[in-house]
Amino acid sequence: MYEKNGEKYFVVDSHMHMWKAGPDNWVKGAEQYAKGWIECFHAYQSLGPPATHWTIEKFMSYTEDDLMKDVFEDGYVDVAVFQPTYLKEWYREGFNTTEQNANLGEKHPGMFVLNTRFDPRDGDAGLEELAHNVDRYGSTGVKLYTAEWNAGSRGYKLTDPAAYTYLAKAQELGIKNIHVHKGPTIWPLDKDAFDVSDVDHAATDFPELNFIVEHVGLPRIEDFCFMATQEPNVYAGLSVVIGGLMHARPRFFAKVMGELLFWVGEDKMTFGSDYGIWEPKWQVEGFVDWEFPDDPEFSDYPRLGVDGKKKILGLNAAKLYDLKVPDELQLKEATPAAQDDSKLVTS
């Protein structure tokens, strides 16, 4: 929980990781990709405050103790949502798998939501694995990486027939939340494979699933906003938006937030730190303090108040995942005006 100026914020970090990216986990013959991937990730960390930067050695292999301290002890997070990314073409044991996350989650019950993943190119074996993970870990969400390499393929679309088979199976298994990476690329993945247009089609055809577009399609912010405003089940995942822009590009951050608030609205935006790229502490503190610049350029955007920040930092994600929020951290209901206070309005 975070508290500032008498206001208490329930914090759900809806997009975070625990990866294993050291050289001992690199696939032989694909070392350049494993090394390039994690170095590109590490470069993104430079967009945060200098005091939060890590060495590349720590970044590759941070520890369980690092995570628990950074996210929960120092970072104000009440519940964290693990988002796995396998990348087994480059990392022998996977970069960040459901099983690895579950090992940590089982040590700390109630602190993590254990999402899983699927890749429609895995065929029947992948469907069996998805069913096993839901049964074993109770996953109600999945993380999808449409640009991931797989057996010679360099990506897929949510509109592919095989993807529809998996989405239907996920819904049948009780999965509700589909987190899709649609944002900045990471070398050597292809930028075009992160295009947001396939989300539109799938969200219409699967209205009972929630599609949380992680990184809001950056740099395609207008494409995302004009799609998300018409799809009631499409949400804006703010990982990278806050961590990558709030400190390094404050005016661009204000523009992106303004477009999201105007088109998508504060009820469909979720906080994610993208740990271990960025630590949540400075993001939570900075976001609570954040206001639009006093500049006519931003005058036509909706303002974001305390209640809106509470929704974005945790309450919206809590609804998506049916998390129990203590009464004291819920939004205060407006007190109806007393009948004696009413006055007749006359023209």
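Leu-87 sits in the loop between β4 and α4 (98-107). The model is predicted. Phi of Leu-87 is near 50°, a positive value in a residue other than glycine. Most residues other than glycine have a negative phi. Is Leu-87 buried or exposed? Leu-87 is buried, with a relative accessible area of 2%.

Thr-85 is found in the loop between β4 and α4 as well. Which residues does Thr-85 touch, not counting residues up to four places away in sequence? They are His-17, Phe-95, Asn-96, Lys-143 and Tyr-145. Thr-85 has a relative accessible area of 4%. That value is under 20%, so Thr-85 counts as buried.

**The whole chain**

The protein has twelve helices and eleven strands. Its radius of gyration is 20 Å, close to the 20 Å that the globule rule gives for 347 residues, so the protein is as compact as a globular protein of that length. Along the principal axes, the C-alpha atoms fill a box of roughly 80 × 45 × 40 Å.

Of the 347 residues, 55% are buried. The accessible surface comes to about 15,200 Å². Carbon and sulfur atoms hold 51% of that surface. Take the contacts between residues at least 6 apart in sequence: 77% of them join residues at least 24 apart.

How far apart are the mean positions of the positive and negative charges? The protein carries 34 positive and 57 negative charges, and their mean positions are 2 Å apart.

**The cores**

The largest nonpolar core has 102 residues. Trp-37, Leu-67, Phe-211, Phe-224 and Leu-260 touch the most other members. Helix α10 (residues 250-263) supplies the largest share of this core, with six residues.

Leaving out residues up to four places away in sequence, Leu-260 touches Val-216, Ile-221, Phe-224, Cys-225, Ala-236, Leu-238, Gly-265 and Met-269. One of these partners, Phe-224, is also listed with Leu-260 among the residues that touch the most other members of the largest core.

**Backbone exceptions**

Most peptide bonds are trans. Where do cis peptide bonds occur here? One joins Leu-218 and Pro-219, with omega about 10°. Pro-219 is in the loop between β9 (210-214) and α8 (221-228). A cis bond also joins Tyr-275 and Gly-276, with omega about 0°. Gly-276 belongs to the loop between β11 (269-270) and α11 (280-289).

Tyr-76 is not a glycine, yet its phi is positive, at about 70°. Tyr-76 lies in the loop between α3 (64-73) and β4 (79-82).

**Contacts across the sequence**

Val-77 is found in the loop between α3 and β4 too. Val-77 touches Val-11, Asp-13, Val-71, Phe-72 and Pro-280, with residues up to four places away in sequence left out. Val-77 is buried, at a relative accessible area of 5%.

Ala-147 is in the loop between β7 (141-144) and α6 (161-173). Its relative accessibility is 0%, and Ala-147 counts as buried. Which residues surround Ala-147 in the contact list? Not counting residues up to four places away in sequence, Ala-147 touches Arg-154, Gly-155, Leu-189, Asp-190, Ala-193 and Phe-194.

Asp-200 is part of helix α7 (residues 197-205).

| Pair | Separation along the chain | C-alpha to C-alpha distance |
|---|---|---|
| Val-77 and Met-1 | 76 residues | 6.2 Å |
| Ala-147 and Pro-188 | 41 residues | 9.8 Å |
| Asp-200 and Asn-233 | 33 residues | 9.9 Å |

Key. Residues numbered from 1 in each chain as written. Predicted model: local features only at pLDDT ≥ 70, side-chain atom pairs only at ≥ 80, totals over all residues. Heavy atoms only, no water. Helix = DSSP H or I, 4+ residues; strand = E, 2+ residues; numbered from the N terminus. Rg over C-alpha atoms; globule rule 2.2 N^0.38 Å. Buried < 20%, exposed > 50% of the residue type's maximum accessible area, 1.4 Å probe, protein only. Contact = heavy atoms within 4.5 Å. Areas by Shrake-Rupley, 256 points an atom, 1.4 Å probe, with all protein chains shown as cover. Lys, Arg positive; Asp, Glu negative; His and termini not counted. Charge placed at Lys NZ, Arg CZ, Asp CG, Glu CD. Core = buried A, V, L, I, M, F, W, Y, C linked by side-chain atoms within 4.5 Å.
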